[in-house]
Amino acid sequence: MPCEVKPQFVVLYGSQKGQAESLAEGIAEMAEEHGLVAELSCLSHTEKYNLEKENAPVVFIVSTTGDGEPPDNALQFVKHLKTKTLSTDHYTHLCYALLALGDTNYADFCNCGKTIERRLQELGAKQFYATGYADDGVGLEVVVEPWIEGLWKAIKGALSKMASDKSDVLKGEAGGPKETADSSIPHVQLNLLGITDHQSCESIKASAETLSKFASSSATQTAVSDLRPAFPAGSPVLASQARGTASVSTSAPKTQTGNAGVPGVALAASLTCSLPPLSESPLNVPALPPPYLDVSLQEVDSVEQIVGPLNKETLHAAPISRAVQLTRGDSVKRALLLELDVSAHPMATYHPGDSFDVFCPNKAEEVEDMLHRLGLHDQRNHRVHMSLCKDTKKKVSQLPSYMSQNISLLSLLTWCLEIRSVPKKAFLRALVEHTGDGVQKRRLQELCSRQGNADYNLYVRDSSLGVLELLAAFPSCSPPLSLLIELLPKLQPRPYSAASSCLRYPGKLHFVFNVVEFPACSGRLVGRRGLCTGWLFDLINPVLVSPEKEESSNSPALPKIHVSLRPSCSFRLPADVSAPFIMVGPGTGVAPFIGFLQQREQERKENPEAVFGETWLFFGCRHRDRDYLFREELEGFVSSGTLSHLKVCFSRDEEEEEEEEEEATTSAARPRYVQHNLLRNSQHITDTLLKQNGYFYVCGDAKNMAKDVNNALMEMIQTELQVDQLDAMKALAVLREEKRYLQDIWG
C-alpha cells in the first residue's frame, strides 16, 4: 500500500524571548493530530523557506519588542517586505494567517504583526483566517487559545480551496467549463475572533475575569518567562498524553479528601484549594509538553563552577564606586542610585537615553532550597550531562545553547535558569505527572485547565508566584531536573536607564531603581524583594549612603557587577538643540531626564552663543519631603536656565493636608499626578508639539501612568484644536511616526 501524503502548510515565526517560537513549535507538533504536516522555520532562516514560490498556506506567529520593533530574528524579513520596488502582485499566490503577540501596556501594540499583515495585503497576499492580536497585558491565552482551536478548520478550508482552484485551472486548460469564483479569500469563516484591534483588547482587559471560558492554557507570562505553549482543548492528545504511563483525569472526583481520608469542606478558595463550581467541573487540560532531554548528574574530579554569567565575553565587569539612597527612611518605596566606574570599558561613551543590562544570579538561599526540593543537594557539585532524547515527539529540539557542557548543577541553578519565573500552564501540566497526592494533582489540573483560568490568574500570574513557592505549596510534587531545564526560561538580565551624562561624569555611569517588594499572598507566606533589585541592595547595603547616614571614610571596597550596554536608536535628545522638548518622568522615571539635563547643561556651557530650545519636566511622587528624587539638582537646572519649566506634584501630601485641615476646597484643585499638571499646561504643550515641532518624552510605569499621560495628550489636542478623538489619535500617531513622541516604559 502506498503511504498517504498528508497536506502540508508552513509555520514561520519571529520571536525575541521565546513566546512566538514556543507557539509556533506547538502548532507544528499538533499538526499531525489533525492529519497535516507543518514545515517550521524561523523568519531569519531564509534558506529553509521561499515565500516567492510558496503554494501551501503560511501561518505567521510574530511578537513585537522594544518601541514597536520586530524581534531580532524578524528584522531582515520585515525590511524585505518594506522594499518599495516590490509590485502590488508580488504575493498574489500567497495564502496566509497571522497571530500577533503584544502588550497593550506599551505603545504600538502588536506593531510587528500589523506591519507584516499590512505589507502582505499591499503585495497581494490572501488572508485565509482572521488575524489574532494577543495581549500579554491580560494573558496571551485569551486570544491564542480560540485562535489555535479555529486554525485547523481554516487551514483545511484553505487547502481545499487551493485544490479546487487548481482543479479549475486544469479544467480550463483542458477546455472544460470555467468557474468565476472570488479568489481573494478562501471560503472559511474569517471572524472567528472579535479581537482584532487595540480597542478590542482593551475591552477584554476590562472583563478579563469573565473570559476564562476562552483560555485553556498559557503560552506566556512576562517578557522573560516563556519557553513552550500549552495547546487548546479538544485535541485527541489532551486527555491522556503523558510522560511515561501516567494519565490525566479530566473529571472531578465526587468527594475530595485530605491526607487523612476525611472529606474536606473548603471555606475559601486559595492556591491549593478550589470551590464549586470549579472543584466539581470536568476539566479540559492542555497537552503535555513532550520531553526532549535526557539529563544525568556525573561525579567528576573537576567541574566548571561559574562565578558570574556564562557570556562574560560580551559583558563588562564594572566596579560600583558609589551607592546613595535617594528617599527618606520612612518612604513607601526605597529608591537607590548606583554609580559604576566604566572608564575601562567601551560603554564609557554611552549617551543619555541609553539603557544597559545588569546580570544577576539567583538568590543563593533559593538555589539551596531548590536543590533540597529536588533531592539533589548532595549532588550540587556534580556535572550536568544533557543529550537529546532519541524518541522525542518534539518537532524541533536542541540542547540549551546558554548552558555549558561542563557545568555543575549548582552553577546551572544559579546562573542559567529563571527559578523565580512565574510558572506557565504548560509547566503546571507537566507537574501533574509527578504529583502523588490526588487532591494536589486535581488542583494542578484545575490551575492549568481552561476552566481554572481565573484561579490561575489570581493565585499564580497576578501574584507573581515563583516556581519554588509553587512547589512548596504542592509537597507531593517531585519533578525531575530535566523538566526544569526543558520548561523554565533562561535567566534574563534586567534593563535599567542611564541616569547621567558622560559629559558631566566622565567614565561614570549612574542608574536609579526602586527596591521591588512582593507582598505575602496565598502561596507566599512572607514577602520578598525583587531578584535583581534585592541582590543589588544586599551588595551595597554595607556602604549605602542615605539621608540618615553619612558616607564613611572606612567603607569596604564595593564589588563589581556585570553589565552590557543597550544603545537606544530613538530615545535621545533632539539633534537640533533649538528644538523644544517636554519630559514626563514621575518617580524613578525621572532617571533618563537627569542625564538629558546634565548633557544639555554641559552643551550650554560649551556653546554659550547657541540658541537652545525650551525645556519642560513634569515630575511627581508621593511626598515632597520623603521621595522627591534629585530635588536639589533639578532646582539647580532651573536656576542655571537649563530647565525652563519644572512642574511637580505630590499625590499623598494632599490627602494628609485634607485630613489635617478637614477642608478640601483649596487642596482639591492641586494636581495630584503628572497628567493633571499636563492638563493645566494644555495650550503650552500643544503649541510646543504641534506648532514648534517639539519632542515629548515619557518614562516610567506602563500600566497606569503612560496610559494616563497618553489620554491627557489626546484630551489636550481635542480641546485646543477643537477636533474629535479620531483626529487627536491621528495627531499622536504622526508624532510617533516622526519620533517626536517617545517612551521608555516598563510593566
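## Pro 282, out in the open

Pro 282 has a relative accessibility of 55%, so it counts as exposed (exposed means over 50% relative accessible area, buried under 20%, and partly exposed in between, using a 1.4 Å probe and protein chains only). You'll find Pro 282 in the loop between α5 (198-206) and β7 (293-298). Those labels come from DSSP runs: helices are H or I with at least four residues, strands are E with at least two, and both are numbered from the N terminus.

Follow the chain for 164 residues and you get from Pro 282 to Glu 446, yet their C-alpha atoms are separated by 9.3 Å.

## What you're looking at

This is a predicted model, where local features need pLDDT of at least 70 and side-chain atom pairs count only at pLDDT 80 or more, while totals for chains, interfaces and linings use all residues. Residues are numbered from 1 along each chain as its sequence is written, and side-chain values use heavy atoms, with hydrogens and water left out.

## Helix α8, under cover

Helix α8 (residues 425-432) is mostly covered, with eight of its eight residues buried. Among them are Phe 427, Leu 428 and Arg 429. The buried residues of α8 pack against α9 (438-448), α10 (453-461), α11 (467-473) and α12 (481-487); contact here means heavy atoms within 4.5 Å.

Five of the seven residues of strand β20 (residues 695-701) are buried, so the rest of the structure largely encloses it. Strands count as paired if DSSP finds at least two bridges between them.

β20 pairs with strand β17 (residues 581-584) in the parallel sense, over four bridges, and Met 583 has Tyr 697 of β20 as its bridge partner. Strand β21 (residues 741-746) also runs parallel to β20, joined by six bridges. There, Gly 700 is partnered with Ile 745 of β21.
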